[in-house]
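Please look at the sequence and the model before reading on.

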Amino acid sequence: VERKRELMRLYDETVDFYERRYREIQLEKYEFARRYLLPCTTLLEVGCGMGFYLRELRKLAKLVVGVDFSEGMLRKVREGIVVLADAEHLPFRDNVFDQVLSITALQNFPNPVKALEEMRRVLHENGRLVISSLRKKHPLPLLMGLVERAGFRILEGIDEPRYEDTFVVATKSQLHKL
Ligand SMILES: C[S@@+](CC[C@H](N)C(=O)[O-])C[C@H]1O[C@@H](n2cnc3c(N)ncnc32)[C@H](O)[C@@H]1O
């Protein structure tokens, strides 16, 4: 809890710096992740920060919801619906989202498997997860292991040296399509 509070304060206090320093880099990661997202009805972004990509996501999904626990970050969001919440306790019912996206946030969560289990819980039965995390914290085999431990079936793991993140695409369903 203390670590979470510290992080919350850090993100709250560095919003403007974050925007200047990271906007371009993050947008490139979002563009890359977007290739793995499908047009859908409901999409959740976990750790959406100041919502760099929410407007684009709205072209893919009818309803886009962003979650972040930094009030400072969320105040900057100009698009769509955002919810102030902890990724490890998502305030949504089971099976309500078609897809979950999370970019460069998992490395911050004290209990990443709990957060991934929450993402899985709120996904529809055939729902898809597209997630990235900082490689220095979660090299690809580690990220894939966490995603699997949370009960997902991995579709693809991507270790693209151009980015400081590793990416995983996974599905909630353990059934192979017939
Ligand atoms: C590196 S930023 C990435 C933000 C955004 N995805 C982007 O690419 O610009 C990590 C984000 O995760 C959020 N975050 C960290 N721990 C969180 C938690 N436990 N629950 C919800 N959000 C969290 C931070 O507030 C921050 O906005």
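Leucine 57 touches Leu37, Leu43, Glu45, Val64 and Leu101, when residues up to four places away in sequence are not counted; contact here means heavy atoms within 4.5 Å. The model is a predicted one, in which local features need pLDDT of at least 70 and side-chain atom pairs count only at pLDDT 80 or more, while totals for chains, interfaces and linings use all residues. Residues are numbered from 1 along each chain as its sequence is written, and side-chain values use heavy atoms, with hydrogens and water left out.

Leu57 is also among the residues with the most contacts inside the largest nonpolar core, which has 32 residues, and Leu37, Leu43, Leu101, Val130 and Phe167 share that position. A nonpolar core is a set of buried Ala, Val, Leu, Ile, Met, Phe, Trp, Tyr and Cys residues joined through side-chain atoms within 4.5 Å, where buried means under 20% relative accessible area, exposed over 50%, and partly exposed in between (1.4 Å probe, protein chains only). Helix H2 gives this core its largest share, six residues. Apart from it lies another core, of 30 residues, among them Leu123, Leu129, Ile131 and Ile154. In soluble globular proteins, nonpolar side chains tend to be buried together.

Seven strands form an open sheet of mixed pairing, in the order E3-E2-E1-E4-E5-E7-E6. Its edge strands are E3 (81–84) and E6 (153–158), each of which pairs on one side only. Helices (H or I, at least four residues) and strands (E, at least two) are DSSP runs numbered from the N terminus, and two strands pair if DSSP finds at least two bridges between them. Strand E1 (residues 40–46) and strand E2 (residues 61–68) pair in the parallel sense over six bridges, and valine 46 stands opposite valine 67 in E2.

What is the count of disulfides? It comes to zero, a disulfide being a pair of cysteine sulfur atoms within 2.5 Å.
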